[in-house]
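Please read the notes below with the structure open beside you.

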Amino acid sequence: MTRSEVALSAPGKVLLAGGYLVLDRDHTGLVFGLDARIHVHVQKLPTSPGVVLSEIIVRSPQFKEAEWSHSTSTQSRNKFVETALAYALSYVCAMSYEKIGSSSITIVADTDYYSHPDETGSTNARFINFHVPITEAHKTGLGSSAALVTAFTAAVLAHYLKKDQLDLDSDLGRRRLHNIAQAAHCAAQGKVGSGFDVAAAVYGSCIYRRFSPSILEGLGEVGSPQFSARLRAVVDDSDPSNKWDMQIDKSNARIPQGLRLLMCDVDCGSETVGLVKKVLGWRKEKPEEASLLWATLQKGNEDLAKELKRLAQTDVQDYRNLKDIVLTIRSLIREMSSKADVPIEPPVQTSLLDACSKVSGVVGGVVPGAGGFDAIALLVEDQALPALQDLLSTYSSTTSADGGPAIGKVRLLSVKQDFQGLKSEATDMYGDWIR
């Protein structure tokens with residue numbers, strides 16, 4: 001039995017501390033959810049009386065040429081959509097003997113997931129038309145693929161399964177959604193990543209320790225014999241010898257009242273896979289040097305989480321110690337950049353962070369996650385916003401000495417921290433985006 005209409009959303013993320021370290025189970029990452037969300041709406045496919053279809057239509061109406069038909073003979077041109085749908089339907093087949101009916105699935109993204117020029121429309125609108133194919137859209141680095149896979153998988157499962165088969169409002173339902181979304185996201189990427197972005201999409205802000213990659217090793221390919229049964233065993237965590245071992249600590253991921261976690265889009269973007277490959281190559285080549293630096297970074301990251309929590313539990317707004325911790329972490333990141341010969345905090349980003357940090361009320365900032373030329377993250381007191389916006393409205397940089405890209409216009413995104421993960425949405429909030 002399918003529900004006539006469902007809508008769910010998953011948040012973006014920022015890995016404020018723990019870039020690269022989060023790949024290793026000996027270390028953790030401090031990840032915050034953001035209030036920019038990917039939304040997925042599912043409804044029965046409207047048909048004429050007497051017409052029966054076994055087709056699933058997926059649309060992303062904010063982009064050109066973004067409609068895909070999934071039937072027995074048609075494959076998606078979007079690997080994340082295709083894989084999430086295949087995994088979700090495989091799990092549905094393992095859980096239910098009912099025939100999978102036709103449906104119409106619509107994906108919409110909050111504006112700040114992508115860089116966009118002023119002429120695309122009012123940036124005050126929650127959803128806008130980006131007027132480009134999705135392959136040409138410039139991501140801001142908020143974790144769109146993980147949020148997409150999580151929201152998409154959740155919406156398909158909620159549409160096709162009864163609540164007593166999978167209740168996404170329960171702890172057990174969330175864990176199973178986490179497991180299947182991790183599996184699907186890894187398959188779509190072609191590698192087993194750390195999973196912090198999917199964890200944030202499901203659970204929201206947390207301190208995250210990754211799962212063991214071996215959990216997904218025996219899953220096999222979609223469509224292979226008994227894939228649905230193997231997938232259900234992995235998702236339901238029913239193999240006592242192969243249990244999910246990620247750790248998700250929500251209680252110690254805090255931002256104090258009066259402080260905001262903000263993002264600045266620099267519209268350059270990095271190829272994360274290339275950066276990670278080089279850093280891991282350095283770590284393999286010089287394990288003692290890397291281990292010592294990573295242990296020091298882990299201590300700094302833990303200090304950051306503890307100080308944020310301490311400030312959240314007091315009324316004293318003295319951020320001097322927090323500022324020192326952020327500067328220490330940045331110094332260690334630049335050291336890793338130098339030793340691994342990777343632009344984790346490239347010079348143009350250093351200049352931007354330094355300029356922002358000089359504004360009264362800006363505690364500090366980092367190039368989050370894997371670093372590079374994605375959006376920077378800033379910890380900012382509420383009253384500092386006007387002065388920060390004034391700085392950014394006229395900020396520009398020249399090409400860096402190492403030949404890297406220049407930063408032109410910098411845009412302060414409207415996103416801020418959001419501690420909630422996956423959530424249900426009102427199905428009537430999308431207006432003309434749904435058809």
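1. A charge is said to sit over a ring if NZ of Lys or CZ of Arg is within 6 Å of the ring centre and within 35 degrees of the ring normal. In this model, which is a predicted one, the charged end of Arg-210 sits over the ring of Phe-211, at 5.1 Å from the centre of that ring.

2. For an overall view, the secondary structure of the protein comes to 10 helices and 12 strands. Of its 435 residues, 55% count as buried. Among the contacts between residues at least 6 apart in sequence, 76% join residues at least 24 apart.

3. Two packed helices are described by the angle between their axes and the distance between the axes. Helix H8, which covers residues 320-340, packs with helix H9, residues 347-357, at an angle of about 170°, and the two axes are 13 Å apart. Because angles over 145 degrees count as roughly antiparallel, H8 is described as roughly antiparallel to H9.

4. Which residues of H8 and H9 meet? On the H8 side they are Lys-323, Arg-330 and Arg-334, and on the H9 side they are Thr-350, Leu-353, Asp-354 and Ser-357. Sorted by kind, the residues of this contact between H8 and H9 divide into 1 nonpolar, 2 polar and 4 charged.

5. A pair of aromatic rings is described by the distance of the centres and the angle of the planes. With rings taken to pair if their centres lie within 6.5 Å, the count comes to 7 aromatic pairs. One of these is formed by Phe-32 and Phe-419, whose rings are 6.2 Å apart centre to centre with 80° between the planes, an edge-to-face arrangement. This pair links distant parts of the chain, since Phe-32 is in strand E2 (residues 29-44) while Phe-419 is in the loop between strand E11 (411-412) and strand E12 (423-424), 387 residues apart. As for accessibility, Phe-32 counts as buried because its relative accessibility is 0%, whereas Phe-419, with a relative accessible area of 34%, is partly exposed.

6. Phe-127 and Tyr-430 form a pair with ring centres 5.9 Å apart and planes at 35°, so the pair is tilted. Here, too, distant parts of the chain are linked: Phe-127 lies in the loop between strand E5 (103-109) and helix H2 (144-160), Tyr-430 lies in the segment after E12, and 303 residues separate them. Phe-127 counts as buried at 11% relative accessibility, and Tyr-430 is buried with a relative accessible area of 2%. Elsewhere, ring pairs link Phe-63, Tyr-114 and Phe-130 into a cluster.

7. The last point concerns the backbone. Glu-65 is placed in the loop between strand E3 (56-59) and strand E4 (67-70), and at 67% relative accessibility Glu-65 counts as exposed. Gln-226, likewise a residue other than glycine, has a positive phi near 65°. Gln-226 lies in the loop between strand E6 (206-209) and helix H5 (227-235), and it counts as exposed because its relative accessibility is 58%, where the cut-off for exposed is over 50%.

Definitions and conventions
Residues numbered from 1 in each chain as written. Predicted model: local features only at pLDDT ≥ 70, side-chain atom pairs only at ≥ 80, totals over all residues. Heavy atoms only, no water. Axes fitted to C-alpha atoms, helices over the stretch in contact; angles between N-to-C directions. Helix = DSSP H or I, 4+ residues; strand = E, 2+ residues; numbered from the N terminus. Parallel < 35°, antiparallel > 145°, perpendicular 65-115°, else oblique. Contact = heavy atoms within 4.5 Å. Nonpolar A, V, L, I, M, F, W, Y, C, P; charged D, E, K, R; others polar. Phe/Tyr/Trp six-rings, centres within 6.5 Å; stacked < 30°, edge-to-face > 60°. Buried < 20%, exposed > 50% of the residue type's maximum accessible area, 1.4 Å probe, protein only.
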